[in-house]
Amino acid sequence: MATSAQPTRDDFAALLDASLGENQSFEGRVVRGVVTALENEFVVIDVGLKSEGRVPLREFAGLDGKTDLKVGDEVEVFVDRVENSQGEAMLSRDRARREASWDALETKFAAGERVEGVIFGRVKGGFTVDLGGAVAFLPGSQVDIRPVRDVTPLMNLPQPFQVLKMDRKRGNIVVSRRSILEESRAEARTGLISSLAEGQIVDGTVKNITDYGAFVDLGGIDGLLHVTDMSYKRVNHPSEVLNIGDVLRVQIVRINRDTQRISLGMKQLEADPWTTAAAKYAVDTKHKGRVTNITEYGAFVELEAGIEGLVHVSEMSWVKKNVHPGKIVSTSQEVEVIVLEVDEEKRRISLGLKQAQRNPWEVFAETNPVGTIVEGEVKNATEFGLFIGLDGDVDGMVHMSDIAWGMTGEGALARHHKGERVSARVLEVDIEKERISLGIKQLDEQGGTGAATGTRNTSGGDWKKNDIVTVTVVAARDGGLDVKIGEDGPDCYIKRNDLSRDREDQKAERFQPGQKVDAMVVGFEKGRKPMLSIKALQITEEKEAVAQYGTSDSGATLGNILGAAFNKAREESEKN
């Protein structure tokens, strides 16, 4: 049996287990120890184990790299191993600080509290931050509210951060400085907004200019000065009136306290020109203005700074219809306009450009009364008539029935073409409907009297319309006859539909070369060359025969009437 003076093997095993268990409980923990010595670059610390441990002196240095440790000081260290190969305890001041820091950080992260740290290094994508022993990553996008080109002034300065993410197992901490600044700015904005009121006049500095306006710094909070609130006059782009850095006096137009947005205005500090617009720009008054903008539906004309009116495309020209306004006026052009309508409530003025000029149809009616002979160029030939260009950029129309006497409308139309200059008589002017009716056949008053036989002209020159001439057939063609007037007259051409009144006799082959035929002068080509028609002569002779020899109720037949007329015409021809 063993005695206390001589322990047994079992007693020794129990003591060893107790000793190892106590030592093992130290490992991986932060414990307090006492500085027993300072040896060169190491600090000797006793933490109550069998042997002391040594820790590099630099682990106790502050931000300035200095340490004020002395023998007897108590410090916290992390026990990495109870004993190494030399029998010394493996201790770490950095690990102790890191563990203590992690504990504190986890508590603050859970509570959403800020932490204090120091930016001390730069890494890819951001910076490293010392959070009292724990190293965190600060992304470049989280340094400031706006991009920072040089972060040097922010390094090695204690400042607050917000922990965004923590993973203790991986030793990963992500922090943000920007969230702190945004929170501070939001608090400042809230305080500043509460001190502002709509209608208040304040000073600000232009920070940024966009296409739609400018952002103005009001001393910690930005307000938007929209382009439409810069001036009563038209502003195409804010850069026309503002530059970055300009100090402005503006009025607070609107405050949205929920979104913390502020709308500003400059023009509100000026006199509103629309207050006197109705009196100054009365309906039917004439004013001068400058074209500021041209659209598909009209042009805007500035009458004065802040007052613009619209000239609709329909009010731009008397004669130019369905054309783009840009073909009538140009930007910056000075024009005279007439006020057509004023709407003060909607701030709109309707203007007329054409009303500032006399109606060209009125001018034409005054200078060319009914019966006046005018001259113009055939601008267009349609199936129902001719359009003639006249002085004053107006057009007149000659209906096909008013082109020539004794001819069908189609035949008369065929004698004229686009670009030809013709004379006509004014028949009617309708100013309201902007229409001018002309007549070409009315130039020959005799042609419409009924005495349409005309004068037989055998002189061989100086022909007049409705003259009757004797021609010699030169050649018969499919489309008509080549003929010659008299012995030494000009060569002319009679179209197929002018060879006879009756359609079945409109055949060129029934005429033989050398045959003499009577025809009527119905018009003239360029150079006064006569245009001839046998058909017109037949119709004219028929009308004259009816007038001289009988009517429909006289008892005479049409054959008897025409026979008498033809006999008389033959006798007169033989006498000549």
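Asn208 stands opposite Phe215 in β12. That is where I start. Strands of a sheet pair through backbone hydrogen bonds, either parallel or antiparallel. Here, two strands pair if DSSP finds at least two bridges between them. Helices (H or I, at least four residues) and strands (E, at least two) are DSSP runs, numbered from the N terminus.

A word on the source. This is a predicted model, where local features need pLDDT of at least 70, side-chain atom pairs count only at pLDDT 80 or more, and totals for chains, interfaces and linings use all residues. Residues are numbered from 1 along each chain as its sequence is written, and side-chain values use heavy atoms, with hydrogens and water left out.

Now confidence. pLDDT is the predictor's confidence in each residue, from 0 to 100. The chain averages 80, and 82% of the residues score at least 70. Among the elements, strand β10 (residues 172-176) has the highest mean pLDDT, 92. Helix α1 (residues 9-24) has the lowest, 49. Over residues 446-453 the pLDDT is below 50, yet this stretch has 11 contacts beyond near neighbours in sequence. Contact means heavy atoms within 4.5 Å. Residues 552-558 are also below 50, and that stretch has 1 such contact.

Back to the strands. What do β11 and β12 belong to? They are part of a closed barrel of 5 strands, β11-β12-β13-β15-β14, with mixed pairing. Its neighbouring strands are turned by 55° against each other on average, direction ignored. Axes are lines fitted to C-alpha atoms, for helices over the stretch in contact, and angles run from 0 to 180 degrees between N-to-C directions.

Another barrel has 5 strands in the order β21-β22-β23-β25-β24, again with mixed pairing. Its twist averages 50° from one strand to the next. Strands β22 (residues 385-390) and β23 (residues 394-399) pair antiparallel over 6 bridges. In that pair, Ile388 stands opposite Gly396.

Next, helix α5, residues 360-367. The helix lies across β21, β22, β23, β24 and β25, at about 105° to β24. Which of its residues are buried? They are Pro360, Trp361 and Phe364. They cover an arc of only 100° around the axis, so they sit on the same side of α5. That arc is taken from the directions from the helix axis to the C-beta atoms. Buried means under 20% relative accessible area, exposed over 50%, partly exposed in between (1.4 Å probe, protein chains only). The cover over these residues includes β21, β22, β23, β24 and β25. At the N-terminal end, Asn359 caps α5, with a side-chain oxygen 2.9 Å from the backbone nitrogen of Trp361.

Last, the loops. Ser332 is not a glycine, yet its phi is positive, about 80°. Ser332 sits in the loop between β18 and β19. Its relative accessible area is 44%, so Ser332 is partly exposed. Glu434 also has a positive phi, near 55°. Its place is the loop between β24 and β25, and Glu434 is partly exposed at 24%.

Lys233 lies in the loop between β13 and β14. Lys233 is partly exposed too, at 40%. Which residues does Lys233 touch, not counting those up to four places away in sequence? They are Glu302, Ala305 and Gly306. The C-alpha atoms of Lys233 and Gly306 are separated by 3.6 Å, though the two are 73 residues apart along the chain.

Notes:
Polar contact = N/O pair within 3.5 Å; in protein donor to acceptor, adjacent residues only side chain to side chain.
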